[in-house]
Amino acid sequence: MTHRREFLNDVARMAAGVALGAAGASRVRGAERKAMPRDGLTAVIPMPLQVVIDDVGWWSGEDGSERQEPYRTGIDRRHVPADYHAIVELGRALGIRPQAATVLCEWDKENILRTLPESTWMGAEWDNRRWVGPWLEEAADIIRRNQAHYELTIHGLGHEHWTNGRYTRAEWADESGTMRPREQVEAHLDAFEAILAQHRLGGLPRSFVPTAFRHRFGPTDGHAVSMAEVLGSRGVTYINTPFASMANADAVQHGVFGFDAGVMTVDRGDDLLDWDVIGQVPGGPLNGPTCGLHWPNLLHPDPERNPEIVAGWVALLAPYDDRADTMLASDSVLFQHQLAHHVCTRVARSADAIDLDFRETVRLPGPVGEGGLTLKVRSASALGFSSDTVEIATSASRRAGDEVLHTLRLERRPGLERARVRFAPTPG
Ligand SMILES: [Zn+2]
(Lines give C-alpha, C1' and ligand atoms only; values in the text may rest on other atoms or scores of the structure.)
Protein backbone atom coordinates (compact mmCIF):
# COMPACT_ATOMS: atom_id res chain seq x y z
CA MET A 1 0.00 0.00 0.00
CA THR A 2 2.07 2.86 -1.37
CA HIS A 3 0.17 5.62 0.38
CA ARG A 4 0.61 4.11 3.83
CA ARG A 5 4.37 3.98 3.35
CA GLU A 6 4.22 7.53 2.17
CA PHE A 7 2.51 8.66 5.32
CA LEU A 8 5.08 7.01 7.50
CA ASN A 9 7.64 9.00 5.52
CA ASP A 10 5.61 12.11 6.19
CA VAL A 11 5.71 11.43 9.90
CA ALA A 12 9.48 11.09 9.72
CA ARG A 13 9.77 14.38 7.87
CA MET A 14 7.44 16.00 10.32
CA ALA A 15 9.60 14.88 13.20
CA ALA A 16 12.42 16.76 11.50
CA GLY A 17 10.26 19.88 11.68
CA VAL A 18 9.66 20.07 7.94
CA ALA A 19 6.16 18.90 7.14
CA LEU A 20 3.23 17.09 8.63
CA GLY A 21 1.33 14.18 7.20
CA ALA A 22 -2.17 13.08 8.12
CA ALA A 23 -1.36 9.86 9.89
CA GLY A 24 -3.31 8.84 12.98
CA ALA A 25 -3.92 11.91 15.09
CA SER A 26 -2.19 10.66 18.22
CA ARG A 27 0.96 9.75 16.33
CA VAL A 28 0.95 13.16 14.67
CA ARG A 29 0.63 15.00 17.96
CA GLY A 30 3.37 12.99 19.60
CA ALA A 31 5.84 13.65 16.81
CA GLU A 32 4.88 17.28 16.60
CA ARG A 33 5.50 17.91 20.26
CA LYS A 34 8.94 16.40 19.99
CA ALA A 35 9.73 18.68 17.05
CA MET A 36 8.37 21.86 18.65
CA PRO A 37 11.14 24.43 19.07
CA ARG A 38 11.48 26.18 22.41
CA ASP A 39 9.48 29.26 21.37
CA GLY A 40 6.68 26.94 20.34
CA LEU A 41 6.55 28.01 16.67
CA THR A 42 6.02 25.51 13.88
CA ALA A 43 5.22 26.21 10.23
CA VAL A 44 3.59 23.64 8.01
CA ILE A 45 2.22 23.42 4.47
CA PRO A 46 -0.91 21.44 5.34
CA MET A 47 -2.06 18.44 3.34
CA PRO A 48 -5.24 19.37 1.40
CA LEU A 49 -8.27 17.08 1.43
CA GLN A 50 -10.57 16.67 -1.55
CA VAL A 51 -13.95 14.90 -1.47
CA VAL A 52 -14.61 12.56 -4.42
CA ILE A 53 -18.02 10.88 -4.73
CA ASP A 54 -18.33 7.99 -7.19
CA ASP A 55 -21.24 6.67 -9.22
CA VAL A 56 -23.36 9.79 -9.15
CA GLY A 57 -25.81 9.85 -12.06
CA TRP A 58 -27.68 6.55 -11.82
CA TRP A 59 -31.46 6.88 -11.57
CA SER A 60 -31.96 3.22 -10.76
CA GLY A 61 -30.21 2.20 -7.56
CA GLU A 62 -30.39 -1.50 -8.40
CA ASP A 63 -27.27 -3.65 -8.29
CA GLY A 64 -27.85 -5.41 -11.62
CA SER A 65 -24.55 -7.26 -11.72
CA GLU A 66 -26.16 -10.71 -11.35
CA ARG A 67 -28.06 -10.19 -14.60
CA GLN A 68 -25.30 -8.53 -16.62
CA GLU A 69 -26.45 -5.03 -15.81
CA PRO A 70 -24.27 -2.48 -13.98
CA TYR A 71 -23.69 -2.60 -10.24
CA ARG A 72 -25.03 0.95 -10.17
CA THR A 73 -25.25 2.12 -6.53
CA GLY A 74 -26.59 -1.10 -5.01
CA ILE A 75 -29.44 0.43 -2.99
CA ASP A 76 -33.14 -0.43 -2.66
CA ARG A 77 -34.58 2.77 -4.02
CA ARG A 78 -34.33 4.92 -7.11
CA HIS A 79 -32.31 8.11 -7.01
CA VAL A 80 -34.05 11.48 -6.81
CA PRO A 81 -33.01 15.13 -7.24
CA ALA A 82 -32.62 15.38 -3.44
CA ASP A 83 -29.62 13.06 -3.80
CA TYR A 84 -27.90 15.76 -5.89
CA HIS A 85 -28.88 18.36 -3.35
CA ALA A 86 -27.04 16.31 -0.70
CA ILE A 87 -23.75 16.84 -2.60
CA VAL A 88 -24.38 20.59 -2.81
CA GLU A 89 -25.23 20.77 0.90
CA LEU A 90 -22.02 18.97 1.82
CA GLY A 91 -20.08 21.47 -0.30
CA ARG A 92 -21.88 24.49 1.07
CA ALA A 93 -21.52 23.46 4.71
CA LEU A 94 -17.76 22.93 4.37
CA GLY A 95 -16.96 25.65 1.83
CA ILE A 96 -15.70 23.04 -0.63
CA ARG A 97 -16.53 21.78 -4.13
CA PRO A 98 -17.03 18.01 -3.92
CA GLN A 99 -16.32 16.06 -7.08
CA ALA A 100 -19.30 14.09 -8.37
CA ALA A 101 -17.75 11.33 -10.51
CA THR A 102 -20.69 10.85 -12.86
CA VAL A 103 -22.13 7.98 -14.88
CA LEU A 104 -24.35 9.33 -17.64
CA CYS A 105 -26.13 6.54 -19.54
CA GLU A 106 -29.38 6.97 -17.61
CA TRP A 107 -29.31 10.68 -18.56
CA ASP A 108 -29.35 9.89 -22.30
CA LYS A 109 -32.74 11.23 -23.43
CA GLU A 110 -31.95 10.83 -27.14
CA ASN A 111 -30.69 7.22 -26.99
CA ILE A 112 -27.42 8.18 -28.64
CA LEU A 113 -25.71 5.25 -26.92
CA ARG A 114 -27.29 2.88 -29.47
CA THR A 115 -24.29 3.72 -31.62
CA LEU A 116 -21.91 2.48 -28.87
CA PRO A 117 -23.19 -1.06 -28.20
CA GLU A 118 -20.31 -1.88 -25.83
CA SER A 119 -21.32 1.00 -23.57
CA THR A 120 -24.56 -0.49 -22.13
CA TRP A 121 -26.21 -3.80 -21.30
CA MET A 122 -28.80 -3.27 -24.09
CA GLY A 123 -26.20 -2.82 -26.79
CA ALA A 124 -27.62 -1.56 -30.10
CA GLU A 125 -31.14 -1.86 -28.61
CA TRP A 126 -30.38 0.78 -25.99
CA ASP A 127 -33.61 2.38 -24.83
CA ASN A 128 -33.56 4.80 -21.90
CA ARG A 129 -37.17 6.01 -22.11
CA ARG A 130 -37.83 4.67 -18.60
CA TRP A 131 -35.54 7.29 -17.09
CA VAL A 132 -36.59 10.26 -19.17
CA GLY A 133 -38.75 12.50 -16.97
CA PRO A 134 -38.94 15.81 -15.11
CA TRP A 135 -36.37 14.64 -12.54
CA LEU A 136 -33.65 15.09 -15.19
CA GLU A 137 -34.25 18.82 -15.47
CA GLU A 138 -34.70 19.17 -11.70
CA ALA A 139 -31.32 17.55 -11.05
CA ALA A 140 -29.62 19.44 -13.90
CA ASP A 141 -30.97 22.67 -12.45
CA ILE A 142 -29.48 21.86 -9.03
CA ILE A 143 -26.10 21.15 -10.64
CA ARG A 144 -26.15 24.27 -12.82
CA ARG A 145 -27.18 26.63 -10.02
CA ASN A 146 -24.62 25.34 -7.52
CA GLN A 147 -21.36 25.26 -9.47
CA ALA A 148 -19.42 26.67 -6.50
CA HIS A 149 -20.24 23.54 -4.50
CA TYR A 150 -20.51 20.86 -7.16
CA GLU A 151 -17.82 19.69 -9.59
CA LEU A 152 -18.97 17.32 -12.27
CA THR A 153 -16.20 14.77 -12.92
CA ILE A 154 -16.02 12.21 -15.74
CA HIS A 155 -16.67 8.65 -14.57
CA GLY A 156 -18.33 6.90 -17.52
CA LEU A 157 -21.37 6.06 -19.61
CA GLY A 158 -22.40 2.55 -18.48
CA HIS A 159 -19.46 1.94 -16.10
CA GLU A 160 -18.55 -1.52 -17.58
CA HIS A 161 -17.81 -2.90 -21.06
CA TRP A 162 -20.37 -5.16 -22.79
CA THR A 163 -19.84 -7.78 -25.46
CA ASN A 164 -22.91 -9.69 -26.63
CA GLY A 165 -24.86 -8.75 -23.54
CA ARG A 166 -22.19 -9.74 -21.04
CA TYR A 167 -20.01 -7.23 -19.24
CA THR A 168 -16.40 -7.20 -18.22
CA ARG A 169 -14.78 -4.64 -15.97
CA ALA A 170 -14.48 -1.90 -16.87
CA GLU A 171 -15.47 0.85 -19.31
CA TRP A 172 -12.09 2.52 -19.93
CA ALA A 173 -9.67 -0.33 -19.22
CA ASP A 174 -9.81 -4.09 -18.76
CA GLU A 175 -9.13 -6.00 -15.52
CA SER A 176 -5.38 -5.57 -15.91
CA GLY A 177 -5.68 -1.83 -16.52
CA THR A 178 -5.06 -2.07 -20.27
CA MET A 179 -6.86 0.74 -22.07
CA ARG A 180 -9.79 -0.19 -24.30
CA PRO A 181 -9.36 0.48 -28.05
CA ARG A 182 -8.48 4.13 -28.50
CA GLU A 183 -11.32 4.87 -30.94
CA GLN A 184 -13.79 3.46 -28.38
CA VAL A 185 -12.33 5.59 -25.60
CA GLU A 186 -12.54 8.69 -27.78
CA ALA A 187 -16.13 7.86 -28.80
CA HIS A 188 -17.14 7.39 -25.15
CA LEU A 189 -15.67 10.77 -24.25
CA ASP A 190 -17.55 12.32 -27.19
CA ALA A 191 -20.78 10.69 -25.96
CA PHE A 192 -20.15 11.87 -22.39
CA GLU A 193 -19.86 15.42 -23.69
CA ALA A 194 -22.94 15.00 -25.91
CA ILE A 195 -25.12 13.79 -23.03
CA LEU A 196 -23.94 16.72 -20.88
CA ALA A 197 -25.00 18.98 -23.77
CA GLN A 198 -28.48 17.36 -23.82
CA HIS A 199 -28.91 18.90 -20.36
CA ARG A 200 -26.88 22.13 -20.77
CA LEU A 201 -24.36 20.89 -18.20
CA GLY A 202 -21.27 22.38 -19.85
CA GLY A 203 -18.38 20.91 -21.80
CA LEU A 204 -16.17 17.97 -20.96
CA PRO A 205 -15.04 18.19 -17.31
CA ARG A 206 -11.37 18.63 -16.43
CA SER A 207 -11.20 15.77 -13.93
CA PHE A 208 -11.59 11.98 -14.26
CA VAL A 209 -12.14 8.94 -12.03
CA PRO A 210 -11.74 5.59 -13.88
CA THR A 211 -14.70 3.25 -13.44
CA ALA A 212 -14.05 0.24 -11.17
CA PHE A 213 -10.62 1.90 -10.66
CA ARG A 214 -9.28 -0.07 -13.65
CA HIS A 215 -6.46 2.14 -14.81
CA ARG A 216 -2.78 2.10 -15.65
CA PHE A 217 -0.25 4.82 -14.99
CA GLY A 218 1.46 5.36 -18.34
CA PRO A 219 0.82 3.69 -21.72
CA THR A 220 -0.57 0.16 -21.81
CA ASP A 221 0.19 -2.75 -24.11
CA GLY A 222 -0.64 -2.03 -27.72
CA HIS A 223 -1.19 1.68 -27.21
CA ALA A 224 1.20 4.49 -28.10
CA VAL A 225 -0.46 6.85 -25.64
CA SER A 226 -1.78 6.47 -22.10
CA MET A 227 -5.36 7.02 -20.98
CA ALA A 228 -4.07 10.14 -19.23
CA GLU A 229 -2.69 11.46 -22.51
CA VAL A 230 -6.01 10.86 -24.30
CA LEU A 231 -7.79 12.74 -21.51
CA GLY A 232 -5.15 15.46 -21.37
CA SER A 233 -5.57 16.20 -25.07
CA ARG A 234 -9.20 17.02 -24.26
CA GLY A 235 -8.40 19.38 -21.40
CA VAL A 236 -8.47 16.97 -18.43
CA THR A 237 -5.73 17.96 -15.96
CA TYR A 238 -6.31 15.58 -13.06
CA ILE A 239 -7.16 11.92 -12.42
CA ASN A 240 -8.09 10.51 -9.01
CA THR A 241 -7.86 6.74 -8.40
CA PRO A 242 -6.55 4.39 -5.67
CA PHE A 243 -2.93 3.54 -6.35
CA ALA A 244 -3.38 0.16 -4.64
CA SER A 245 -5.37 -1.04 -7.69
CA MET A 246 -3.60 1.03 -10.37
CA ALA A 247 -1.28 -0.83 -12.74
CA ASN A 248 2.30 0.48 -12.86
CA ALA A 249 1.86 2.43 -9.62
CA ASP A 250 5.58 2.02 -8.93
CA ALA A 251 6.23 4.59 -11.66
CA VAL A 252 4.46 7.33 -9.70
CA GLN A 253 7.02 10.05 -9.04
CA HIS A 254 5.89 11.80 -5.85
CA GLY A 255 4.31 9.26 -3.52
CA VAL A 256 0.65 10.28 -3.32
CA PHE A 257 0.72 11.87 -6.76
CA GLY A 258 2.46 11.63 -10.09
CA PHE A 259 2.30 12.98 -13.63
CA ASP A 260 1.25 10.82 -16.55
CA ALA A 261 1.71 12.74 -19.81
CA GLY A 262 1.43 15.95 -17.76
CA VAL A 263 -1.88 14.91 -16.14
CA MET A 264 -1.72 14.94 -12.33
CA THR A 265 -2.77 11.56 -10.95
CA VAL A 266 -3.64 11.47 -7.24
CA ASP A 267 -4.02 8.50 -4.89
CA ARG A 268 -7.54 7.96 -3.57
CA GLY A 269 -6.34 5.69 -0.76
CA ASP A 270 -8.95 3.63 1.08
CA ASP A 271 -12.58 4.72 1.43
CA LEU A 272 -14.07 4.76 4.93
CA LEU A 273 -17.21 2.89 3.82
CA ASP A 274 -18.07 0.08 1.38
CA TRP A 275 -19.54 1.21 -1.95
CA ASP A 276 -23.18 0.32 -1.19
CA VAL A 277 -23.49 1.44 2.44
CA ILE A 278 -26.44 3.81 2.85
CA GLY A 279 -27.93 5.57 5.86
CA GLN A 280 -24.84 5.25 8.03
CA VAL A 281 -23.04 8.15 9.67
CA PRO A 282 -19.33 7.80 8.83
CA GLY A 283 -16.49 7.62 11.30
CA GLY A 284 -12.77 6.96 11.51
CA PRO A 285 -9.62 8.75 10.37
CA LEU A 286 -8.92 9.62 6.74
CA ASN A 287 -5.71 8.10 5.44
CA GLY A 288 -4.62 10.44 2.66
CA PRO A 289 -5.44 13.51 0.59
CA THR A 290 -8.63 12.07 -0.96
CA CYS A 291 -11.82 11.51 1.00
CA GLY A 292 -13.33 8.94 -1.35
CA LEU A 293 -16.90 7.71 -1.06
CA HIS A 294 -19.70 6.33 -3.18
CA TRP A 295 -22.97 8.20 -3.62
CA PRO A 296 -25.05 5.99 -1.24
CA ASN A 297 -22.54 6.75 1.53
CA LEU A 298 -23.84 10.34 1.53
CA LEU A 299 -27.53 9.36 1.43
CA HIS A 300 -30.35 7.89 3.51
CA PRO A 301 -32.89 5.23 2.40
CA ASP A 302 -35.46 7.99 2.97
CA PRO A 303 -34.26 10.92 0.80
CA GLU A 304 -35.88 13.39 3.19
CA ARG A 305 -33.39 12.22 5.79
CA ASN A 306 -30.32 12.71 3.54
CA PRO A 307 -29.37 15.79 5.62
CA GLU A 308 -28.69 13.54 8.64
CA ILE A 309 -25.99 11.69 6.73
CA VAL A 310 -24.61 14.87 5.17
CA ALA A 311 -24.33 16.31 8.70
CA GLY A 312 -22.32 13.24 9.70
CA TRP A 313 -19.80 13.91 6.93
CA VAL A 314 -19.63 17.59 7.84
CA ALA A 315 -18.87 16.69 11.46
CA LEU A 316 -16.22 14.22 10.32
CA LEU A 317 -14.50 16.55 7.84
CA ALA A 318 -14.71 20.01 9.43
CA PRO A 319 -12.02 19.30 12.09
CA TYR A 320 -9.48 18.60 9.33
CA ASP A 321 -9.69 22.27 8.39
CA ASP A 322 -8.93 23.29 11.99
CA ARG A 323 -5.84 21.13 12.36
CA ALA A 324 -2.41 22.57 11.66
CA ASP A 325 -1.35 19.70 9.41
CA THR A 326 -4.44 19.43 7.15
CA MET A 327 -6.97 21.66 5.39
CA LEU A 328 -10.05 21.25 3.22
CA ALA A 329 -9.35 22.31 -0.37
CA SER A 330 -11.95 24.77 -1.64
CA ASP A 331 -11.89 23.13 -5.08
CA SER A 332 -9.96 20.50 -7.00
CA VAL A 333 -7.66 23.00 -8.73
CA LEU A 334 -6.51 24.50 -5.44
CA PHE A 335 -6.23 20.91 -4.20
CA GLN A 336 -3.75 20.07 -6.96
CA HIS A 337 -1.56 23.12 -6.25
CA GLN A 338 -1.63 22.66 -2.47
CA LEU A 339 -0.84 18.94 -2.69
CA ALA A 340 2.17 19.73 -4.88
CA HIS A 341 3.39 22.29 -2.34
CA HIS A 342 2.68 19.97 0.60
CA VAL A 343 4.90 17.28 -0.90
CA CYS A 344 7.54 19.27 -2.80
CA THR A 345 7.95 22.71 -1.21
CA ARG A 346 10.43 22.74 1.68
CA VAL A 347 9.80 24.76 4.83
CA ALA A 348 12.47 25.85 7.29
CA ARG A 349 12.47 28.45 10.02
CA SER A 350 15.03 30.73 11.56
CA ALA A 351 14.80 33.09 14.54
CA ASP A 352 12.41 35.53 12.88
CA ALA A 353 11.43 34.03 9.52
CA ILE A 354 9.97 31.06 7.70
CA ASP A 355 11.81 30.10 4.51
CA LEU A 356 10.06 28.44 1.60
CA ASP A 357 12.04 26.59 -1.03
CA PHE A 358 10.14 25.97 -4.29
CA ARG A 359 13.02 24.47 -6.27
CA GLU A 360 11.51 20.97 -6.40
CA THR A 361 7.98 22.32 -6.92
CA VAL A 362 8.86 24.42 -9.97
CA ARG A 363 10.23 21.34 -11.72
CA LEU A 364 6.74 19.79 -11.77
CA PRO A 365 4.89 19.98 -15.11
CA GLY A 366 3.11 23.36 -15.13
CA PRO A 367 0.85 24.80 -14.02
CA VAL A 368 0.73 22.59 -10.92
CA GLY A 369 2.62 24.28 -8.10
CA GLU A 370 2.70 27.66 -9.85
CA GLY A 371 -0.42 28.61 -7.93
CA GLY A 372 -0.56 29.79 -4.37
CA LEU A 373 -0.38 27.80 -1.19
CA THR A 374 -1.70 27.77 2.33
CA LEU A 375 0.77 27.91 5.21
CA LYS A 376 -0.23 27.25 8.80
CA VAL A 377 1.84 28.55 11.67
CA ARG A 378 1.41 27.56 15.32
CA SER A 379 2.85 29.77 17.97
CA ALA A 380 2.55 30.51 21.66
CA SER A 381 1.31 34.06 21.02
CA ALA A 382 -0.19 36.12 18.18
CA LEU A 383 2.18 37.03 15.35
CA GLY A 384 2.22 39.44 12.43
CA PHE A 385 3.69 38.41 9.08
CA SER A 386 5.39 40.28 6.24
CA SER A 387 7.28 39.39 3.08
CA ASP A 388 9.08 40.96 0.11
CA THR A 389 9.23 37.72 -1.86
CA VAL A 390 5.72 36.28 -1.67
CA GLU A 391 2.34 37.98 -1.52
CA ILE A 392 0.43 37.37 1.71
CA ALA A 393 -3.06 37.42 0.23
CA THR A 394 -4.88 36.68 3.47
CA SER A 395 -3.91 36.00 7.05
CA ALA A 396 -6.21 34.74 9.77
CA SER A 397 -5.58 33.53 13.28
CA ARG A 398 -7.47 31.90 16.06
CA ARG A 399 -6.61 30.74 19.54
CA ALA A 400 -6.62 26.97 20.08
CA GLY A 401 -5.99 26.07 23.72
CA ASP A 402 -2.74 27.67 24.85
CA GLU A 403 -1.48 28.42 21.35
CA VAL A 404 -2.44 30.48 18.29
CA LEU A 405 -2.97 28.93 14.87
CA HIS A 406 -2.32 31.31 11.97
CA THR A 407 -3.49 30.46 8.46
CA LEU A 408 -1.75 32.35 5.66
CA ARG A 409 -2.75 32.31 2.03
CA LEU A 410 0.36 32.98 -0.05
CA GLU A 411 0.57 33.80 -3.77
CA ARG A 412 3.88 33.05 -5.44
CA ARG A 413 5.77 35.63 -7.47
CA PRO A 414 6.62 34.20 -10.90
CA GLY A 415 10.23 33.14 -11.28
CA LEU A 416 11.18 33.19 -7.59
CA GLU A 417 12.34 29.82 -6.33
CA ARG A 418 12.60 30.88 -2.70
CA ALA A 419 10.54 33.09 -0.45
CA ARG A 420 10.89 34.36 3.11
CA VAL A 421 8.01 35.20 5.44
CA ARG A 422 9.13 37.20 8.47
CA PHE A 423 7.18 37.08 11.71
CA ALA A 424 7.10 39.29 14.78
CA PRO A 425 4.91 39.44 17.87
CA THR A 426 1.89 41.67 17.48
CA PRO A 427 1.33 44.27 20.19
CA GLY A 428 -1.21 43.34 22.82
ZN1 LIG B 1 -17.75 3.68 -10.12
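This is a predicted model: local features need pLDDT of at least 70, side-chain atom pairs count only at pLDDT 80 or more; totals for chains, interfaces and linings use all residues.
Q: How many helices and strands are in the protein chain?
A: The protein chain has eight helices and 19 strands. Helices (H or I, at least four residues) and strands (E, at least two) are DSSP runs, numbered from the N terminus. The radius of gyration of the chain is 22 Å, close to the 22 Å that the globule rule gives for 428 residues, so the chain is as compact as a globular protein of that length. That radius is taken over C-alpha atoms, and the globule rule is 2.2 Å times the number of residues to the power 0.38.

Q: What share of the residues of the protein chain count as buried?
A: Of the 428 residues, 46% count as buried. A residue is buried if 20 or more other C-beta atoms lie within 10 Å of its own, exposed if 12 or fewer, and partly exposed in between, with C-beta atoms placed from the backbone.

Q: In which order do the four strands of the open sheet lie?
A: Strands of a sheet pair through backbone hydrogen bonds, either parallel or antiparallel. Here the order is 13-14-19-16, and the pairing is antiparallel. Two strands pair if DSSP finds at least two bridges between them. Strand 13 (346–349) and strand 16 (383–386) are the edge strands, each pairing on one side only.

Q: How many bridges join strand 14 to strand 19?
A: Five bridges join strand 14 (residues 353–357) to strand 19 (residues 418–425). A353 has R422 as its bridge partner in strand 19, and I354 stands opposite V421. On the other pairing, four bridges join strand 13 to strand 14, with R346 partnered by D357. Strands 13 and 14 form a hairpin with three residues between them.

Q: At what angle do helix 3 and helix 7 pack?
A: Two packed helices are described by the angle between their axes and the distance between the axes. Helix 3 (residues 81–94) and helix 7 (residues 306–322) pack at about 30 degrees, their axes 10 Å apart. Axes are lines fitted to C-alpha atoms, for helices over the stretch in contact, and angles run from 0 to 180 degrees between N-to-C directions. Helix 3 is thus roughly parallel to helix 7; angles under 35 degrees count as roughly parallel, over 145 as roughly antiparallel, 65 to 115 as roughly perpendicular and the rest as oblique.

Q: Where does G292 lie?
A: G292 lies in strand 11 (residues 290–294). G292 is buried, with 26 other C-beta atoms within 10 Å. The C-alpha atoms of G292 and Q99, 193 residues apart along the chain, are separated by 9.6 Å.

Terms used: Residues are numbered from 1 along each chain as its sequence is written.
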